[in-house]
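This report covers a chain-to-chain interface, a set of paired strands and an annotated repeat. Please read it alongside the coordinates.

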Amino acid sequence: MNSRKMGPVELLHMSVFSQSFSPCGRFLAAGNNYGEIAVFSLSAALSPDASEGSQKPILNFTAHDGPVFSLLSTDTHLLSAGNGEISAWSWAELIKKNTKAAWTRKPNYETSLEIPEINAMIINPKDNSLTVGGGDNNIHIMDMETGIFKSVLKGHTDYIHCLCFKEREGEILSGGEDGAVRIWDSRTNRPVHCIEVFKYEECARPQFGKWISCLATDSDWMLCGGGPSLSLWHLRSMSPTSVFPLPGCQREAVFYQDLIMSVGEGPNVSHCLHGGTVKAQIPCSPSSLNTLALNLKNTEHRVMTVGGSSHQIDVFTNFSYRAFSLSF
Amino acid sequence: MPFCESFEQLGRFHNSLLGVSDAPFVPKGFLNEVIRKRLLIDGDGAGDDRRINVLMKSFSKWCHSNFSPEEGFSQYQRMLTSLAQCEFSMGKTLLVYNMNLKEMENYEAIYADIETSITSAHEKIAECKKEIQRAKRIRKNRQEYDALARVIKQHPDRHETLKQLEALDKELQQLSHIKENVEDKLELRKKQFHVLLTTIQELQQTLENDEKMDSDDTQESLMDNGD
């Protein structure tokens, strides 16, 4: 099952960069910096007679040459992005331990000298297209049915960290190393707004930089953070309404019911309220966290999982404390 | 014998408790014997059974053998006491049986009560969960409202700004009025000066012309006189 024997030094240097739950909600796929994807069975790990073995992956294979920075699940497939290429794996096949990719595609890069990494992927459900952003400063849009890369959104001056989609207006939000959050209309593929977060005094933290590494939206509200502090923006008035006093740089944030949960530097998951207060900081085993995922598709296995600079992925059944850890 | 049936039932029950059924290494007959021996040694039913047998034997002995009247009477008394004892124990077991029946009924009632309270507790839990969801939504909305209100408060009041704008407008109007007046005055003065200057120039011209004419006249008259 293990494609490569992991020595203790390699386990020590492992970082988990991405996670994705299966469409049925019973499996979790996680990607690490060695290019491997591990599939864990949540139903086995959460069952009352779970043992040490159920916290190990049911399947572990090398998917890409470089680190797997982004994982995304559609209704039938798991999409993974490595160094410049996107591979799709059928969930049904993965559960049966068959690791043959359904397809592998590359966006059209301008230069063929460098192969830029892909940092973020999102699906636009309205026209069934896959939007990817990465190291070549551009956003590529691919049609899922035909596999053709139909458009490129240019505008960022440095690589793109994160992407987000606003369902109601059909807008794509992208955050990058150049410190700008750009909003694009997905139908006309034209830029609509550009917010330079580091120019706002209340958010800016020049000691960390101006890069934006996390984005999340909830109808009219947007969360963004990274070098500048994590802040909540009201998109209609394009103004920051609350700034969260979190010490480190945040790498992923989500809206959940009435809370905002974010992970980043520091071994904590922070629970914050919309007003700007940090309600709680829950300790985790990795020393810094890269990814947070919520399994909302399945009510039985409603868990939150976080991964970071450790070979362990913490699982929270009650979001206020760590229940147990899965390990690669 | 009625006891044999119950022994068999007990034996089967014992088997099922042990989790064996027709298992070869624990024969049913052996278990039955064990249970039978246990009940005979410990159970109260053994004492009564023996007493009834003894009574029957002593009765038949009393009927058939020849006793002296005193001995016969004492035997008779003994039999009566043992009969009374048997009746007493029978009454006792009947009462215990009724008590057990009543306890069963009581337990059934309690069981039904607990069932209903469990279902109502489940319902309450579901209600409370819905309430919590609602409360969370309300809290989120309040927080969003507060956040927006804070931003709006930072900007100045609309009425104030409108008033300021009106005042500034009025000032502007007044000043432009004044400017117009001043310009009109300037125009008028310019025109007046212009008129004055042109009349002076004309007068100068006429005076010069007059002078010239005068000098011409005198020259002509001198020339006339010379001729």
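## Interface of chains A and B

In this predicted model, 13 residues of chain A are in contact with 10 residues of chain B, contact meaning heavy atoms within 4.5 Å. The two chains bury about 1,200 Å² between them, 50% of it on carbon and sulfur atoms; buried area is the accessible area (1.4 Å probe) that two parts lose on being put together, summed over both. On the chain A side, A:Trp221, A:Gln257 and A:Asp258 lose the most area to chain B, together 44% of what that side buries.

Two salt bridges are found across the interface, each defined as a side-chain nitrogen of Lys or Arg within 4 Å of a carboxyl oxygen of Asp or Glu. A:Asp258 forms a salt bridge with B:Arg139, with the closest N and O atoms 2.7 Å apart. Strand 20 (residues 239-243) of chain A gives the most to the side of chain A that touches chain B, with four residues. Strands here are DSSP runs (E, at least two residues) and helices are runs of H or I (at least four), numbered from the N terminus.

## Conventions

Residues are numbered from 1 along each chain as its sequence is written, while chains are lettered from A and ligands numbered from 1 in the order in which they are written. Local features need pLDDT of at least 70 and side-chain atom pairs count only at pLDDT 80 or more, whereas totals for chains, interfaces and linings use all residues; side-chain values use heavy atoms, with hydrogens and water left out.

Strand 6 (residues 77-81) of chain A has four of its five residues buried, that is, under 20% relative accessible area with a 1.4 Å probe and protein chains only. Strand 5 (residues 70-73) of chain A pairs with strand 6 of chain A in the antiparallel sense over four bridges, pairing requiring at least two DSSP bridges. These two strands form a hairpin with three residues between them, and A:Ser73 stands opposite A:Leu78.

Strand 6 of chain A is also joined by five bridges to strand 7 (residues 86-90) of chain A, running antiparallel. A:His77 stands opposite A:Ser90 there. In this second hairpin, which has four residues between the strands, A:Gly84 takes a positive phi near 80°.

## A:Ser70

A:Ser70 lies in strand 5 of chain A and counts as buried because its relative accessibility is 6%. Its side chain reaches the backbone nitrogen of A:Met121 at 3.4 Å. Residues touched by A:Ser70 include A:Ser18, A:Leu79 and A:Asn119.

Conventions. Buried < 20%, exposed > 50% of the residue type's maximum accessible area, 1.4 Å probe, protein only. Polar contact = N/O pair within 3.5 Å; in protein donor to acceptor, adjacent residues only side chain to side chain. Lists of a residue's contacts leave out its neighbours within four places in sequence.
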